[in-house]
Amino acid sequence: MATSHQQFDYIIIGAGSAGCVLANRLSEDAHCKVLLLEAGKSDRHPWISLPLKFRDLMTVKRWNWGYDTEPEPHLDNRAIYVPRGRVVGGSSSINGMIYSRGHPSDYDHWRQLGLTGWSHADVLPYFKKSERFADGETAHHGGGGPLTVSKGDNDSIAHHAYVAAGKAAGFTATDDLNGANPEGFGRCDYTIGNGRRASAARVYLRPALRRRNLTLVTGALVGRVNFDGTRATGVSYKVNGVEHVARAEREVIVSGGAYNSPHLLMLSGIGPADHLREHNIAVVHDAKNVGKNLQDHVHTGVGYTTEKMKSFDAELRADRLALNVLNWALFARGPLCSLPVGAMAYLRTKAGLAAPDVEFLMNRVNPEAHIWFPGIRAPKGGYMGCRVILLHPESRGSVTLRSADPAAKAVIRHNFLSAPNDLETLRRGVKVARDIYASEPLKSMMDKEVWPGAQVQSDDEIDAYIRQTAGLIYHPVGTCRMGADADAVVDGQLRVNGVDGLRVIDASVMPTVPGGHTNAPTMMIAEKMADLLRGRKPLPTAEL
């Protein structure tokens, strides 16, 4: 038997990057009652705040949906693991904390698709509104927002070696990969503040929870959005097996992300009609593109052993690691307060491209590095390498229902590398990475190529290596595509087409994946929509 809750003005489904922003901004109006529903648990565990712990968080089921794709035919039929945050803060509580917006042309392309108000000049003010940049406000950065953005290391030997080798290979360097010239080699920006992860939960939601008009319910699995005809009236959800019903006087907002948002829409009767009927779900609106247009950044790796520079493995020695954890917890100091990424780069792999087509995340930690101690377990040893990331995939996948049970995981098919250009771009990226590592000063620092390995040389061999090893950077978007066309899932104001009182506000609405990382753009989208929902005029467009 369902227990009816009091009524709210807005119900937000999902306390991830977008949901936390919306909960904060909407509840700024003391007369607006907001309910935020999160399927996961609290984010208060200290490991979530420890920056270097993120690799483990990606695999811990306590804070993770732990999805897998179906076998991918162009990746040797491998099922690819796709972690997503099932915790307050969503994936911003478990991600790699890189702050990256993408290239300005990514958003200008959205405008070219007919999406008025989504050009780079339109969205930059909302990036700035959310940001508290370490170097203060500039034409491209905000200085007073909630989201702490700190600069990565640019003093290490590794950083200088990467940048110098990139220049020697014919590429440029930049002081700011989120500034006026977001191309070439530079240092990372991180969502880290005072040595701790600056998740959306920490910087947006926690301050807002002091307000009496905001209610957060964790462990809440939403089964469906409820409708009166074609108007969304609220939601049904379960906590510890007990069903509850909440009503929304104004709107229901779905912020579950690129896998969960289309899943919930379909469970609620919005999706391809034939597919819904296969699962005995009553059709509220036949929306054929719900769950379509799935995109993500696929990557492969290039890596080398090296004994000619200090290895980060030294910090992973068990006794030293224990001291590092203590130093972090007590004083917010030491190597665990950031990430050992040497540099990152956005590059064009061939002439004639309008924008970079690959990203390099260059690091000095072996992907198989582990805690060690002399005489018990040996370290992996010195390493330098990079992830070669495809920025603008042409391949498209889908999210569909497995059953009508809300607890059943959706069927995820990415169809990675089904578009020939995707494989060709990654292959060029591997060759460019090798050229950079063959340039000084990196060349003299390297001992042996371990990935792909010296035996992999021909195009066919590189392609086979990519199919065997390619994985994800975990930036899924597109499954509730916004557009100006009738077939779009949501319009330019993120209202679900065909019904009333329902919006989707998260990364699933992006028509194409930005050529960067997606956490910052997701929060930008939520900031922009919060102004709209509160009846405010859009921020003035940027003049650059």
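## Disulfides

A disulfide is counted here when two cysteine sulfur atoms lie within 2.5 Å. In general terms, a disulfide is a covalent bond between the sulfur atoms of two cysteines. The structure is a predicted model, in which local features need pLDDT of at least 70 and side-chain atom pairs count only at pLDDT 80 or more, while totals for chains, interfaces and linings use all residues. Residues are numbered from 1 along each chain as its sequence is written, and side-chain values use heavy atoms, with hydrogens and water left out.

A search of the whole structure finds 0 disulfides. The cysteine sulfur closest to that of C337 belongs to C188 and is 16 Å away, too far for a bond. For C480, the closest cysteine sulfur is in C20, at 19 Å, which is also too far for a bond. C337 is buried (under 20% relative accessible area, where exposed means over 50% and partly exposed lies in between, with a 1.4 Å probe and protein chains only), at a relative accessible area of 10%. C480 is buried as well, with a value of 0%.

## Aromatic rings and charges

The whole structure contains 8 aromatic pairs. One of them joins W65 and Y67, which are stacked at 5.8 Å centre to centre with 20 degrees between the planes. Rings of Phe, Tyr and Trp (its six-membered ring) pair if their centres lie within 6.5 Å; planes under 30 degrees apart count as stacked, over 60 as edge-to-face and the rest as tilted. Both partners are buried: W65 has a relative accessible area of 17%, and Y67 has one of 5%. Elsewhere, one aromatic cluster is formed by Y107, W110, W118 and F127.

W65 also meets a charge, for the charged end of R86 sits over its ring, 4.0 Å from the centre. Such a contact requires NZ of Lys or CZ of Arg within 6 Å of the ring centre and within 35 degrees of the ring normal. R196 lies over the face of W328, at 4.6 Å from the ring centre.

## The second largest pocket

A pocket is an open set of points on a 1 Å grid, where a 1.4 Å probe fits, with protein on both sides within 12 Å along at least five of seven lines; lining residues have an atom within 4 Å of a point. Of its 22 lining residues, P356, D357, H392, P393 and E394 are the closest to its centre.

Helix 11 (420-437) and helix 4 (104-112) each give two or more residues to this lining. Helix 11 supplies the largest share, 5 residues. Helices are DSSP runs of H or I with at least four residues, numbered from the N terminus. By class, the lining has 7 nonpolar, 7 polar and 8 charged residues. Ala, Val, Leu, Ile, Met, Phe, Trp, Tyr, Cys and Pro count as nonpolar, Asp, Glu, Lys and Arg as charged, and the others, Gly among them, as polar.
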